[in-house]
Amino acid sequence: MVTPERTICEERVLILAPTGRDAALARTALAQAGISCEVCPGVFELCREIGDSAGAALVTAEAVTDGAIDLLHQCVTAAPAWSDLPLLILTAGAGLSQESDALTALGNVTFLERPLGSQTLITAVRAALRARRRQYQIRDLLRRQETAVERLDLLADVANHLLLSDRPEEIVASVFRKIAAHLRLELYLCRLLDESSQTLQLSSHAGLSETEASTWAALPLHESLGVTVARQGKRVIAEEEQLAVDPSLAPVRALGVTAYACFPLEANGRLLGTLSFGLRRRQQWEHEELAILETVCNQVAVAIERRRTESALQELNQALEKRVEERTAQLRESNDQMEAFTYSISHDLRAPLRAIRGFAQALWEDYGPAFDETGREYLRRMAGGAERLDQLIQDLLQYSRLSRSTLTFEPISLDTLLLRVIQQMEPDLRACGARLEMGPLSSILGHGPTLEQVLTNLLSNAIKFMAPGVQPHIRIWSTENLETARLWVEDNGIGIAPGYLQRIFGVFERLHGSDAYPGTGIGLAIVAKGIARMGGTYGVESEPGQGSRFWIELPRWRGEGPS
Ligand code: ADP
């Protein structure tokens, strides 16, 4: 801020005329023209006064010795870039002095020849002061620019701080310290609204004694100044005069505050609290200061709201996670119960079934000849039905055992394992005249017996689901990714319609009657469960009439020694 004293200092003309009556005459003439001036006894004092500030300097040529020029030179070069002090040199009248070149180098120099009328002197001085004033304008402009840049930096810094903070309410205090130093603030209060009690709670403050802080700790919204801020959603600015008379500002007055500003902390139209600032040594706010404070308040409000939204989201997430965990546990439990139930039922069913099969066999052997052909056909169907039921129960048992048993993983060479499976299936393969083609096969990490069952199921399906009269042609190979290996089993069978490619991996999902293609509908469910339990994936590519390509993918084994 520019004070009147400062303006006088900046406008004054410094006079250096050590000999004769020049100094006194010049002072009288300038003073009469209303120009403030000051006589300096020597060049040293002149330079000191220039340092303090001056509008122009009037110097007689006799005073400008070599030493004086040096001093003046130092003084001029030490001045800031915007400054070019007008120097008026009174010369002897017989042209320019010898030192004129050195003097001209000082910058803004005007030579005035004697004899000189006072009017000419005044005109020259006024012109010099006008030039100096323009320099001051440039200086002020530069200063304003600097302040604006500093303030922008400050705002960016504050925004950064608030954005990075997990608890914006807490860092408001440190933000205040930054702006307080910059704006010369003496007091600040951050109050947050407690929605349930409708009170403004003091959350952080500076420039308050503990006793003062305790009187501001929690104020009902409707009683405090906050209510004005809240209702109007607008800032309250109170300066010296209003502070003195407004009764609602008594608590603020009691803090020794001479200018007060209270801003709402608002986000999405909701009041979160208020931020108040106070001055104790100045009586008025500068317009720009208020603009900065308002911006800071908006930033604080956004940061608080952001943090609250994040916390609410986090809480919601945690609650959701907890619910998912609970549901998963419930599901796992009911799954376990279901599997245990299936297991025991399947187990218990086998005993009476064995009895049915045994007695059917005995009936056939002991009384077969006594039946006519129809009776024997009934007997055959009875035995066949019992056998299918037994197969179904065995498959179910195997499926539920797969869910219950603990699997230990080992490196497995698919080559070796597949040869073993083929050996076991030799009679079936030979019976249907299947042609087998094997490509390169990788080693994987898995559970041997489960994988053997998976391959058996895939291979037996590959030779089973053939159109009548077609010779099965099966291709088996593997491909590798960085971490996994994929085993393909391709057949030239009847294929699968697109809508069923996923469904067939479920329990009892069959696309054909057991007359056309016998089976229980559990083979692929065992493949799915077994592969999933080994941490792998599975799938099929197929089209009706175009054969099928089943695949399973498991972790690759790249070390030594798979069995
Ligand atoms: P199952 O073989 O006992 O019928 P699966 O679970 O092994 O039961 O197979 C389920 C169904 O998927 C089969 O009934 C069949 O419709 C279809 N499927 C399985 N493998 C093939 C295949 N290679 N080609 C065509 N369809 C197949």
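In what order do the 5 strands of the open sheet stand? The order is β2-β1-β3-β4-β5, with parallel pairing. Strands (E, at least two residues) and helices (H or I, at least four) are DSSP runs numbered from the N terminus, and two strands pair if DSSP finds at least two bridges between them. The model is predicted: local features need pLDDT of at least 70 and side-chain atom pairs count only at pLDDT 80 or more, whereas totals for chains, interfaces and linings use all residues. Residues are numbered from 1 along each chain as its sequence is written, and side-chain values use heavy atoms, with hydrogens and water left out.

The edges of the sheet are formed by β2 (37-39) and β5 (109-113), each of which pairs on one side only. From one strand to the next, the twist averages 20°; angles run from 0 to 180 degrees between N-to-C directions, and axes are lines fitted to C-alpha atoms, for helices over the stretch in contact. Strand β1 (residues 13-16) pairs with β2 in the parallel sense over 3 bridges, and Ile-15 stands opposite Val-39 in β2. Helix α3 (residues 43-52) packs on the sheet and touches β1, β2 and β3 (56-60), contact meaning heavy atoms within 4.5 Å. The direction of α3 makes about 170° with that of β1.

Helix α12 (residues 287-367) and helix α13 (residues 373-404) have axes that come within 9 Å and cross at roughly 155°. The two helices, α12 and α13, are therefore roughly antiparallel to each other, a term applied to angles over 145 degrees.

Methods:
Angles under 35 degrees count as roughly parallel, over 145 as roughly antiparallel, 65 to 115 as roughly perpendicular and the rest as oblique.
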